[in-house]
Structures are given as C-alpha cells and as structure tokens.
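Please keep the sequence and the 3D view open as you read.

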Amino acid sequence: MTDRRVRSQVAVVGGGPVGMGLAIGLGQLGITCTVIERRPEPQPVPKGQNLTQRTMELMRAWGVEDRVRAGRTIPREYGIVGYTAYRSLLGPYSYDWQRRAAVRRFYATDNERLPQYATERALRQRVAEVPAVSVHYGWRVEQVSQDDGGAHVRARDESGEVLEVDADHVVGCDGSRSVVRSAAGITETGTDHDQMMVLLVFRSEQLDDVLDRFPGTSYFNVLDPALEGYWKFLGRVDADQTWFFHAPVDRADTGRDTDFRPLVWSAVGAEIDVDVQHVGFWDMRFALADSYRAGRLLIAGDAAHSHPPYGGYGINTGFEDAATLAWKLAATVQGWGGPGLLDSYD
C-alpha cells in the first residue's frame with residue numbers, strides 16, 4: 001500500500017459547512033487548499049437551519065446562494081417565522097418573536113431556512129468547481145503538527161492508506177472535539193449548565209392540522225415555569241410531515257426504551273400521532289477557545305466556539321469565521337498582509 005503526500009498552502013481539517021465555506025473563500029482568492037473530511041456524506045440530522053441575511057450575503061459571495069435556496073425543504077408559503085407559547089402551543093398565550101423582515105433593508109439578500117445537510121450539499125457542489133481546492137472525503141485525521149517549515153496533517157482512510165498533507169497553515173474546522181485545537185494546545189473556557197437535552201425527529205399526520213392557528217410558521221418555542229428557564233422547541237424539517245423537537249430531560253431517561261412522546265404531547269397540548277424517526281442527546285454547554293491561533297495552526301467554527309443548537313448561532317458565526325479568515329490567510333500567504341494580521345482573527 002502506497003502512502004500519499006500532498007502539498008498545499010492551506011490544509012482544512014473538517015469539511016462541514018464552515019470548512020467548505022473557508023475552502024471556497026480561499027480558493028476564490030487563488031490559495032491552494034486541501035480539505036480533509038471524514039464523512040463521505042453529510043449527516044442527515046436537522047440542525048443549523050436558520051441562515052441569517054448576513055450568511056446569505058456570504059453565500060452569494062461564494063457563488064452558492066442559488067444552490068442553497070434550491071435546497072430549501074419547506075415551501076416559502078410557510079415563512080420563516082417563530083412563535084413562543086406559554087405551557088403549550090394550544091394554550092391561550094403566544095406571540096410572534098421572529099421579525100427579521102424588520103431589518104431586511106440593511107442587507108443585500110433575504111435570510112433562509114433549510115437543514116444543515118442541505119446547505120452542506122450545496123457547498124460540496126460548489127467547492128468541486130473551484131480549481132485551487134481539493135477535497136478528500138472518507139479520511140480521518142490522526143495527527144497534526146507544526147515546525148519552522150510549515151504545518152502537517154496525517155490522515156488515514158478505511159483501507160489503512162495514509163495521506164500526508166504539508167501546508168503553510170492548518171485550520172481546524174473539526175468541531176467541538178477538535179483534533180487541531182488539541183494539537184495546538186489551545187485551551188477553552190466553558191460554561192456547563194449540567195442539563196441533558198433530547199433531540200427527536202418524528203413524523204406526524206395530525207400536527208399540521210393542530211397548528212393551523214399559526215399560519216406561515218416554521219418553528220415554535222414553549223415556555224413553562226416547571227422547566228426553570230429551559231425551553232421545549234420544535235419545527236418543520238420539511239413539508240412532508242417531518243418535525244424536529246428539543247426538550248430538557250433527566251439523564252436517567254436517556255435509555256433506549258424511554259418513550260418521549262409525552263414530551264411532545266405536553267408541548268403541543270394534544271396527544272397527536274408521533275412516529276419517532278431519530279433520538280439523540282446533547283448537553284446544554286457553551287465553550288470558547290482562549291485563542292483562535294497557535295503559530296501555523298488555527299481553528300474556526302465549533303472548534304473555536306461551541307453553542308447549543310438554539311437559533312443557528314453556531315453555523316452563522318462559523319461562516320463569519322470562514323469569511324474573515326479566508327482573506328487574512330490569503331493576505332498572509334501572498335505576502336501583502338502585515339505580521340499582526342492573523343493575530344487579529346480572534
């Protein structure tokens with residue numbers, strides 16, 4: 001078996017939305033870029049759905065806006081509107097809290113809503129068109145290092161073949177458990193609320209009819225004093241009766257046999273049909289890296305700052321990282337950026 005060695009100006013570890021956005025931005029500026037991504041296909045979990053007007057401006061700059069909008073799974077007549085209700089969606093108290101249209105005039109384009117995996121597919125299609133970028137899917141990074149001559153990445157695929165990438169800089173877009181951040185010795189400051197949350201993806205034939213009272217609404221929040229400040233929230237994954245749902249749960253209730261339908265019923269206010277397709281769990285935790293750079297190693301997205309999946313904060317701030325870092329890395333590699341430019345990134 002022959003190992004492979006690649007030379008690139010920038011290596012990106014992690015080809016999720018942030019890594020792909022960064023690679024496209026670098027490639028459009030003429031920087032050769034190698035992306036290493038362990039997943040052959042995007043994860044089919046509905047998260048990172050709210051893309052702000054500013055993010056869609058970036059999509060336009062990266063030449064992918066039309067593809068992203070084409071990946072929308074909810075017809076436009078549903079709108080991108082959020083409602084908050086007290087105790088249940090069928091209770092007497094609720095209000096519309098999502099008024100992004102009020103700031104539309106400050107942006108060049110509209111916001112958008114679609115699952116993260118649809119955004120990733122659009123970015124993967126676009127990155128394949130950028131000559132300066134090469135992407136290696138199905139490779140897991142084992143080692144990241146740096147020295148006076150550059151930065152280095154070692155990865156392996158399922159067959160055991162090894163890929164070595166030598167670069168001027170390595171950027172870790174590899175999530176909250178970042179290999180690059182660990183290799184760089186970058187520490188984090190975190191806040192842990194010690195609260196487990198459940199994520200359900202379910203299908204329901206009856207929920208659309210129940211929620212007719214909220215026309216043009218895509219997602220809903222339910223407040224209840226018993227939750228002590230945490231929310232239950234649910235929203236449409238598509239227009240084909242598929243929904244996501246988050247709620248706080250006790251850690252003792254995370255077994256395979258736990259029936260989570262009563263949580264959905266309490267949020268909706270009715271015992272609708274609930275066919276659970278997926279169950280996942282996440283911790284209510286925030287973390288911020290104490291630096292975004294250590295020498296030739298940098299981090300972006302969840303590797304630099306991780307958020308609970310409320311409102312798409314992680315994906316939108318991650319795209320801002322990519323947009324900022326792309327031109328600063330290009331300026332540094334091409335020699336027209338000053339010596340302190342990369343230090344300004346974080």
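What follows covers the overall build, the nonpolar cores, the salt bridges and a surface patch.

This is a predicted model, in which local features need pLDDT of at least 70, side-chain atom pairs count only at pLDDT 80 or more, and totals for chains, interfaces and linings use all residues. Residues are numbered from 1 along each chain as its sequence is written, and side-chain values use heavy atoms, with hydrogens and water left out.

**Overall build**

The chain has eight helices and 18 strands; these are DSSP runs numbered from the N terminus, with helices (H or I) of at least four residues and strands (E) of at least two. The C-alpha trace spans about 65 × 45 × 35 Å along its principal axes.

Of the 346 residues, 53% count as buried. Buried means under 20% relative accessible area, exposed over 50%, and partly exposed in between, with a 1.4 Å probe and protein chains only. Among contacts with a separation of 6 or more, 72% join residues 24 or more positions apart, a contact being heavy atoms within 4.5 Å.

In soluble globular proteins, nonpolar side chains tend to be buried together. Here the largest nonpolar core has 74 residues, and Leu22, Val153, Val170 and Val171 touch the most other members. Helix H8 gives the most to this core, with seven residues. A second, separate core of 24 residues includes Leu89, Val198, Ala247 and Trp265. A core is a set of buried Ala, Val, Leu, Ile, Met, Phe, Trp, Tyr and Cys residues joined through side-chain atoms within 4.5 Å.

Beyond its neighbours within four places in sequence, Val170 is in contact with several residues, including Ala11, Val144, Val180 and Leu298.

**Salt bridges**

Side chains of opposite charge can pair when their charged atoms come close. A salt bridge is a side-chain nitrogen of Lys or Arg within 4 Å of a carboxyl oxygen of Asp or Glu, and by this rule the count comes to 23. Three of them are listed here.

| Pair | N to O distance |
|---|---|
| Asp166 and Arg5 | 2.8 Å |
| Arg54 and Glu320 | 2.9 Å |
| Glu129 and Arg126 | 3.1 Å |

Asp166 lies in strand E10 (residues 162-172) and Arg5 in strand E1 (residues 4-13), so their bridge ties together parts 161 residues apart in sequence. Asp166 is buried at 14% relative accessibility, whereas Arg5 is exposed at 58%.

Arg54 is partly exposed at 34%, and Glu320 is partly exposed at 26%. Elsewhere, Arg60, Glu65, Arg69, Arg72 and Glu112 are linked in a network of salt bridges.

**A surface patch**

Which residues form a nonpolar patch on the surface? They are Leu29, Trp327 and Trp336, with about 340 Å² of accessible area together. Leu29 is found in the loop between helix H1 (17-28) and strand E2 (33-37), and is partly exposed at 40% relative accessible area. Patches are made of residues with over 30% relative accessible area and no salt bridge, like charges being joined within 9 Å and nonpolar side chains (Val, Leu, Ile, Met, Phe, Trp, Tyr) within 5 Å. Accessible areas come from the Shrake-Rupley method with a 1.4 Å probe, and for residues only the protein chains shown count as cover.
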